[in-house]
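Here are my notes on the model you sent. Please read them with the structure open.

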Amino acid sequence: MDINDHFFRREAGRLVSALTRIFGVHNLALAEDVVQDAFCRALETWPMRGMPDNPSAWLMATARNRALDVLRRQRTATTFAPELGRLLDSEWTLTPVVDDILSADALQDSMLRMMFSCCHPRLSEPAQVALILNILCGFSIDEIARACMSGHAAIEKRIQRGKIALAESKHLFDTALPADFTDRLPAVQRGLYLLFNEGYHGASPETSVRLELCHEAIRLVAILLQHPLGKTPTTYALAALMSLTAARLPARTDSDGNLVPLYDQDRSHWDRTRVSEGLRLLELSATGTELTAYHLEAAMASVHAMARDTKDTDWSAIIELYDQLMGLNPSPIVALNRAIAIAQRDGPERGIAEIQAIADADRLAAYPFYPAALGELEFRCGNQARAHEHFEVALVRARNPMERHFFERRLAACRANNSQPAQVSAFWEPQFASAQAPDGAED
Amino acid sequence: MSEFLFLYRGSLGYTKSPEQMQKSMQKWVAWFKDLGEKGVIKNPGNPLERSGKVVRGHNKDVHDGPFAETKDLINGYTLVDAATLDQAVELSKGCPIFEDGGAVEVRPIAKL
């Protein structure tokens, strides 16, 4: 039997989550060691003896035996999961308890417990995202640093601190307590949203890395949707947003790896399966009374998904959704995106006026797409010189090579003095309105 | 035809990420498949536990072992058929262990 791409990485997330329930959250490193050991054993055995019929079950059985060894050998010296108390001390109860927690039925719940634990309010949002990537998705520090375009040392520190905070929380989150579940749920939704955002808008120049992060967020939100308390209209809205946005991933970069703005994407490359899945989820989100930013952003994504091209797009609907988002969650980034939508409907001059009217534009001082938006609209008005000035500012503020390259190309277009804006419409995709890139925040 | 023992020495990557382990796995599987297709595998062998005992001397002292450094530790073996030592050495060169700084010791089985 062949194993899927990322099989080990995903197994790592499942196994570490399950073993941590037994060893206790303060012994996370021990759970990680046991899993690493099982992987090494697989690496030594499978090539010589052939792939097992059920690789997943093989790994679980190997990890289980190793875990039982550790529990027997260390039980006098080590305190394991306090929730299990003396059950691990007696041979009568040890194996049944371990087998129960490692059973296939319990695995999803173990992952949820870990997911909720990683979103502990004591942890900063960047730390939450880094922990989810490390523990639940099985990425190493180097892999996370590469995906987030961050230094190894910075990510290592973030994860180490996060793990210390996890250990200090003493208990894994208990998904069986409905009040606690509902309390923590918004933080978990936000953590997954930021994880997706890191994949979609983040800095990594490698398309494959971005895809992986987006797929991980979609996989984890699907686990959340399988829990009776997790499948709220808001979670459905979040899942819809992810699916509708991820549908555009195949068209988002060209063959040279350049960013292709939403407005220029070849929509025939959009993933139709994801679009219809997203629309189905969006329908499921439309119950109850709560209207969240996820609902509004998913609705916007659905308007784009259903339009053949930018001309066919219902910009009035988009603007109305931005108005609602401004009411719910006012921010200069939302205002900027709203102004761009107005420019699409009413022309670039109106767009420039809207941007100039943004109340707290000083908060956008470091945001490259603020000058870029002005540059783009000036370009469309035929003011190449002014557009060039704005793009120069944007270039200085660019946060990664992909953005830098994008602005350089816009500058070249300005210098070519090509006054046919239709050929060079080059808007980016509006950044998710309520997200700050996780890497930008302070630890 | 003669028989040769491949002894795998050194770590297969105890510090690797799951993704890297999977890549190694695919390389090892591909290498074994290649050897299999060449029809040279006499016995695919087994991995060895990393811990064990060493019994030594007249007094048959028992120590926790093996003593080798991790990089020299034997962690598996395979028995292959080859015409000559040189040919067996050539076969061993496809082993992915070299990428991890490991070694393959190629030892002819003595003909009595």
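How many residues of chain A are in contact with chain B, and with how many residues there?

1. The chain contact. 20 residues of chain A are in contact with 19 of chain B. Contact here requires C-beta atoms, placed from the backbone, to lie within 7 Å. This is a predicted model: local features need pLDDT of at least 70, side-chain atom pairs count only at pLDDT 80 or more, and totals for chains, interfaces and linings use all residues. Residues are numbered from 1 along each chain as its sequence is written, with chains lettered from A and ligands numbered from 1 in the order in which they are written.

2. What chain A supplies. On the side of chain A that touches chain B, α1 and α2 (28-49) each give at least two residues. Helices are DSSP runs (H or I, at least four residues), numbered from the N terminus. α2(A) gives the most, with eleven residues. This side of chain A divides into eleven nonpolar, five polar and four charged residues. Ala, Val, Leu, Ile, Met, Phe, Trp, Tyr, Cys and Pro count as nonpolar; Asp, Glu, Lys and Arg as charged; the others, Gly among them, as polar.

3. A helix crossing. In chain A, the axes of α1 (residues 7-23) and α5 (residues 104-118) come within 8 Å and cross at roughly 80 degrees. Axes are lines fitted to C-alpha atoms over the stretch in contact, with angles from 0 to 180 degrees between N-to-C directions. α1(A) and α5(A) are therefore roughly perpendicular (65 to 115 degrees).

4. Residues at the crossing. Among them, A:R14 and A:S17 are on the α1(A) side, and A:L107 and A:M111 on the α5(A) side. The residues of this contact divide into four nonpolar, four polar and three charged.

Technical notes. Parallel < 35°, antiparallel > 145°, perpendicular 65-115°, else oblique. Contact = placed C-beta atoms within 7 Å.
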